[in-house]
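Keep the structure open beside the text as you read.

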Amino acid sequence: MVKEEQKEVIRLRNVSKHYPMGDSVVKALSHLDFKVFQGEFVAIMGPSGSGKSTTMNLVGSLDMPTFGTIYLDGGDISELSESDLAQVRGQKIGFIFQSFNLIPNLTVQENVMLPMMFQGTSLEEREEKAIELLKLVELDDRMDHYPGEISGGQMQRVAIARSLANDPEVILADEPTGNLDTKTGAIVMEFLEKLNKEGKTVIMVTHDPELAERYADVVYWLLDGELDKVTKRVGKKFIDVTKKKKKEAKSNGRR
Amino acid sequence: MKDYLVLAIKNLRHRGIRSWLTLLGIFIGITAVVSLMSLGAGLQAAVSAQFGISATEIITVQAGGVNAFGPPGSGAVNKLTIADSDAIEKLSSVDVSIPRIISSGKLEYDDTLVFGMSASIPSGNKRKLSYEVLESEVETGRLLKDGDVNKVMLGYNFGLVDGVFEKPVVVGKTVLIQDEKFIVVGILEKSGSAIFDNAVMMNYIPLRDLFDYGDDLDVLAVKVRGEDSMDRAKEDIEKLLRKRRNVDVGEEDFEVSTPEAMMETVNSVLGGVQAFIVIIASISILVGALGIVNTMTTSVLERRKEIGIMKAIGGTNWQVFLQFFFESGLLGLVGGIVGVILGTLIGFFGIAGINNFIGGDIGLVIDPILIGGALLGSFVIGSLAGIVPAMSAAKQNPVEALRG
């Protein structure tokens, strides 16, 4: 169980995201409250169309909410300029995508170096750190290969190394095993679990409840753009801790 | 900055042939400009040689002004005479005046008849000066000397197979000029001028008698006393001839031209040609720039996902902009490099060709400022062409861009 006095890394307060669609408005996400503490492994669970991706974009500060506030490391992201936000994102969040999203024209090592380049790290330091991180995901022998020359599982491990480049507080993984078979998926998950055990905060977006409950401490269950329930691991079981939150969300919405 | 340049180079390495094809415009434009500039000196020399302009202090005087339908002076009604030549020679600013006859007539060799030009060579000291000015040297045989009566020397092309005649003329053979027999004593070296290389040279008196010139002349070649007095000598001659021929200022029926003036004419013609080529090159470069705009815009669309990734992992708008901006500039630069290389090669072979043609040894002018300017210019053009596409890349919304 996570202790309450731990540092809050990301918080969404009563966040809604609406998309204009012709004359009507699509409410992709309504009144979401979401908190992640340092060192937690949090899963955002839901079937397709439940608002998972929207949540992931908001949590990753790639997108701005229509209503509500997002705090990243205590600061309101809406107060940052686009460029500052990009910088902060680069420092504090490491992204892992379902489709790996490595840059095809760059080698494995260069891909890992790229986030550090955006932070202005020196070339030498970038090269060293990239080698170190690739050793961590056991791919230092594939350093000079291009993404097209390695397997999906290896690409995802490169993506993990890249996500760690700027030593971020949070790893945000969007369906990290979605494009992988069970075996390679398990290897990727082991790396994420290992990182979490070493103190990294991990937020994973998934549609697979088994995967969520196997690795996460807290699971946010989304359904039709709303928070359906929140479960927390207690020992080997998950208990529903939703009730209070749901009421809060509804009362907030009425105000 | 350097990092983004390196990144841009890495991306360029993976470009398809389509991107490179759009550079054709830049490359053709730069090739045209560079080859033109490096050929410039050579072209000038070639054209000058063609018109028989030498750099020495010789003023050419002819009656009737420039005429396009015959040898110099031949169209004039009121020809220059030996008396004119003598009077000019007495001017204080003039050293020597060489009277010359240049006339066209029948040439026959080996039962083939052609029409060609015969030019007179003066005797005595003036012969030596003439040979110096014309840079006459023999390929075979000897030069004409005083007292050669039924003898001629021939231009370079007479010595060639299919030159003036089908068969090459050799020293010692006889040619018929206006049905009179002349023995060939020498074949001249190549001069580069089509006029001289196809001409027959004969001593003054036999030529005068052959064509029945009497005291008439076609051209005077006037050597000035010292180079500085060129303009003064020109004025003196004009003044004298106006008086002798009884014409007013502005109504001259003769022409006195200095090598500078002739050079200027050549240069203004060349300048016109160069301006034309520069305009074509500019259009070509503009088309190339539009090609770069096009290929960069396509590239931004194709690489939306990549842009999304860059933004997700911390790339700011400016950083994304820089990468595409440099990529575009480098595209232009590559076009420029190819253009400079090809342009220099064209210049090199062009100069070699001109040297072969006029028998000269002009060096290829490789101007580092020109080359640097061409390279910098092509980079700048590429960068400018890339500004708008790079801005559109920078402005992509990361969420939408990530969707691809």
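In this predicted model, chain B holds an open sheet of 4 strands in the order β3-β12-β1-β13, paired in the antiparallel sense. The edges belong to β3 (94–100) and β13 (254–257) of chain B; each has a single partner strand, so one side of each is left without a neighbour in the sheet. On average, and ignoring direction, neighbouring strands of this sheet are turned by 20 degrees against each other.

Helix α4 (residues 82–89) of chain B touches β3 and β12 (219–224) of chain B, and its direction makes about 165 degrees with that of β3(B). Helix α8 (residues 230–245) of chain B lies across β1, β3, β12 and β13 of chain B, and runs at about 170 degrees to β13(B).

Stepping back to chain B as a whole, the domain assignment gives domain 1 (2–51 + 263–403) and domain 2 (58–257). The C-alpha centres of domain 1 of chain B and domain 2 of chain B are 50 Å apart.

| Helix pair | Axes come within | Crossing angle |
|---|---|---|
| α1 (residues 2–13) and α11 (residues 317–358) of chain B | 8 Å | roughly 60 degrees |
| α3(A) and α5 (residues 152–163) of chain A | 8 Å | roughly 30 degrees |

With a crossing of roughly 30 degrees, α3(A) is roughly parallel to α5(A). The crossing of α3(A) and α5(A) is right-handed. On the α3(A) side the contact is made by A:V108, A:N111, A:V112 and A:P115, which meet A:V158, A:A161 and A:R162 in α5(A). Sorted by class, that contact of α3(A) with α5(A) has 5 nonpolar, 1 polar and 1 charged residues.

In chain B, α1(B) and α11(B) are oblique to each other, and their crossing is right-handed. Residues of α1(B) in this contact include B:Y4, B:L5 and B:A8, while B:F326 and B:L330 are among those from α11(B). The contact of α1(B) with α11(B) divides by class into 10 nonpolar, 3 polar and 1 charged residues.

Chain A has antiparallel pairs of its own. Strand β1 (residues 8–21) of chain A and strand β4 (residues 67–72) of chain A pair over 5 bridges, and A:I10 has A:L72 in β4(A) as its bridge partner. On from there, 2 bridges join β4(A) to strand β5 (residues 75–76) of chain A, again antiparallel. A:L72 also stands opposite A:G75 in β5(A). The hairpin of β4(A) and β5(A) has 2 residues between the strands, and A:D73 takes a positive phi near 55 degrees there.

How many residues of chain A are in contact with chain B? There are 22 from chain A, and they meet 17 residues of chain B. On the chain A side, α2 (82–92) and α3 (108–118) are the elements that give two or more residues, and α2(A) gives the most, with 7 residues. That side of chain A divides into 9 nonpolar, 9 polar and 4 charged residues.

Terms used: Residues are numbered from 1 along each chain as its sequence is written. Chains are lettered from A and ligands numbered from 1 in the order in which they are written. This is a predicted model: local features need pLDDT of at least 70, side-chain atom pairs count only at pLDDT 80 or more; totals for chains, interfaces and linings use all residues. Domain bounds come from an automatic or database domain assignment. Axes are lines fitted to C-alpha atoms, for helices over the stretch in contact, and angles run from 0 to 180 degrees between N-to-C directions. Angles under 35 degrees count as roughly parallel, over 145 as roughly antiparallel, 65 to 115 as roughly perpendicular and the rest as oblique. A crossing is left-handed if the near helix is turned anticlockwise from the far one by less than a right angle, and right-handed if clockwise. Two residues are in contact if their C-beta atoms, placed from the backbone, lie within 7 Å. Ala, Val, Leu, Ile, Met, Phe, Trp, Tyr, Cys and Pro count as nonpolar, Asp, Glu, Lys and Arg as charged, and the others, Gly among them, as polar. Two strands pair if DSSP finds at least two bridges between them.
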